[in-house]
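Welcome! Here is a short briefing to read alongside the structure below. Take a moment to look it over, and then follow the topics one by one.

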Amino acid sequence: MQRPRPGRTYHQRGGARAAVSLTALLSLSLTGCGVAGLGGDGDDGGGDAGSAAGAAAVAGIDCADAGKVQGTGSSAQQNAMKYWIKHYQRACPKVRIAYNPIGSGAGGAQFLRGATAFGGSDSALKPDEVERSKDICRGGRAIDLPMVGGPIAIGYDVPGLDDLVLDAPTLAKIFDRKITEWDDPEIGRLNPGAELPAMPIRPVHRSDDSGTTQNFQAYLAGAAPAAWPHPVAKSWQGRGGASASGSSGVASEVTSGVGAIGYFELSFARARQIKTVSVDTGAPAPVAPTPATASKGIAAARVAGQGKDMKLKFRYDASTPDAYPIVQVTYEIVCDKGNQKATLPALKSFLTYTASKVGQKDLSRLNYAPLPESVAGQVRDVVDTLS
């Protein structure tokens, strides 16, 4: 749902791989918190072969014969990964998938050390990372495969303020500590008639290197370059404010501090019932973060990667109606060539499922934005060529 722009009458809003023992790595990773998969209970897998075969037929999953696949990385996709792993392992009980949501920076680093079969990252590989990946991807290179999208919600906790609109310059000034009070005239201009309290703003950002941070800063730099002159990086570049590790940490900080505002994936806002900002993009009405509005934002992106790499390029300053502008896509980082033979069939099977219509169709129910089929179809084609 949306709210009309200031000046109108309105009050509504919407809410891999090298000489590393894979077995040892899988065992070690399970000691970390938040690991999804590799379970034998009813939630994460199991079932006899007959029932699994039936499940595979219904789901349309082409199972690998066996394999253990370890991934680490983006916490943004952890809820999607839990869902995918649970359903995949019910259909394919001979395969075990594990995913540890330790953050995009750490996940990418582990992949580039050859410690995992895939890495999850909310930002595409940099040229130097691609070059380093050639040591791991023998005869090939690492590539980015977009797999799950969604809005980066701006959550806030201000008593009595249930309907808030902000634009890119105002968000940039808030997170750079240039606007420090909730009753600032710039906020009032965007929210005529709202009772804004004379209360300090407490912005919260990620303390860990994060693709979510990089995407949020890319939006600020792209949509409000004069107000956000900082580099676009996985580490936070703004001045001041509180910090917390992971999206869940930022969400917790927002709910525990009156006057707080922070950024995280929509699923965290919905799970904790955190109020979210509608963004004034210059379109006829500000846009609230929803799976549908994020999908429209993602659909406007173009594939900018070379060869089999599917890095996406966004236009953050666009004012397309109903398109939420602060979006991100989580990529699965894999080798185009040089994958371990022991894990390759299971890796291809799992990623083919996650990019399938079956794997994507229920993501909106988890507050993610399904990939446009034009993109998902290309991803499946690339996965089929992995070697």
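**The largest pocket**

The lining of the largest pocket is made up of ten nonpolar, four polar and four charged residues; here Ala, Val, Leu, Ile, Met, Phe, Trp, Tyr, Cys and Pro count as nonpolar, Asp, Glu, Lys and Arg as charged, and the others, Gly among them, as polar. This is a predicted model, in which local features need pLDDT of at least 70 and side-chain atom pairs count only at pLDDT 80 or more, while totals for chains, interfaces and linings use all residues. Residues are numbered from 1 along each chain as its sequence is written, and side-chain values use heavy atoms, with hydrogens and water left out.

- The largest pocket holds about 430 Å³ of space. Its lining has 18 residues, and Gln214, Ala218, Lys311, Leu312 and Tyr316 are the closest to its centre.
- A pocket is an open set of points on a 1 Å grid over the protein atoms alone, with protein on both sides within 12 Å along at least five of seven lines; a cavity is a set of points where a 1.4 Å probe fits but cannot get out, and lining residues have an atom within 4 Å of a point.
- Grid points are joined across faces, edges and corners, and a volume is the space filled by probe spheres set on the points.
- Helix H8 supplies the largest share of the pocket lining, four residues.

**The chain as a whole**

- The chain has 14 helices and 14 strands, where helices (H or I, at least four residues) and strands (E, at least two) are DSSP runs numbered from the N terminus.
- Of its 387 residues, 58% count as buried, meaning under 20% relative accessible area with a 1.4 Å probe and protein chains only, with exposed over 50% and partly exposed in between.

**The nonpolar cores**

- The largest nonpolar core has 44 residues, and those touching the most other members are Ile154, Phe175, Trp182, Ile187, Phe216, Ile261 and Ile326. Such a core is a set of buried Ala, Val, Leu, Ile, Met, Phe, Trp, Tyr and Cys residues joined through side-chain atoms within 4.5 Å.
- Two or more residues of this core come from each of strand E5 (142–157), helix H6 (168–175), helix H8 (211–223), strand E9 (260–265), helix H11 (291–299) and strand E14 (327–335). H6 gives the largest share, five residues.
- Which residues does isoleucine 326 contact, leaving aside its neighbours within four places in sequence? They are Gly150, Pro151, Ile152, Ile154, Leu171, Phe216, Tyr219 and Val279, with contact meaning heavy atoms within 4.5 Å.

**Helix H9 and proline 197**

- In helix H9 (residues 246–256), the buried residues are Gly246, Ser247, Gly249, Val250, Ala251 and Val254. They pack against E5, E7, H8, strand E8 (242–244), E9 and helix H10 (266–272).
- Proline 197 sits in the loop between helix H7 (185–190) and strand E7 (202–206). Val158, Trp182 and Asp183 are its contacts once neighbours within four places in sequence are left aside.
- Between proline 197 and glycine 160 there are 37 residues in sequence and 8.5 Å in space, C-alpha to C-alpha.

**The cavities**

- The largest cavity has a volume of about 120 Å³. Its lining includes Gly297, Phe314, Arg315, Tyr316 and Val327, and divides into eight nonpolar, three polar and one charged.
- The second largest cavity has a volume of about 70 Å³. E5 gives the most to its lining, with four residues.
- By class, the lining of the second largest cavity has five nonpolar, six polar and one charged residues.
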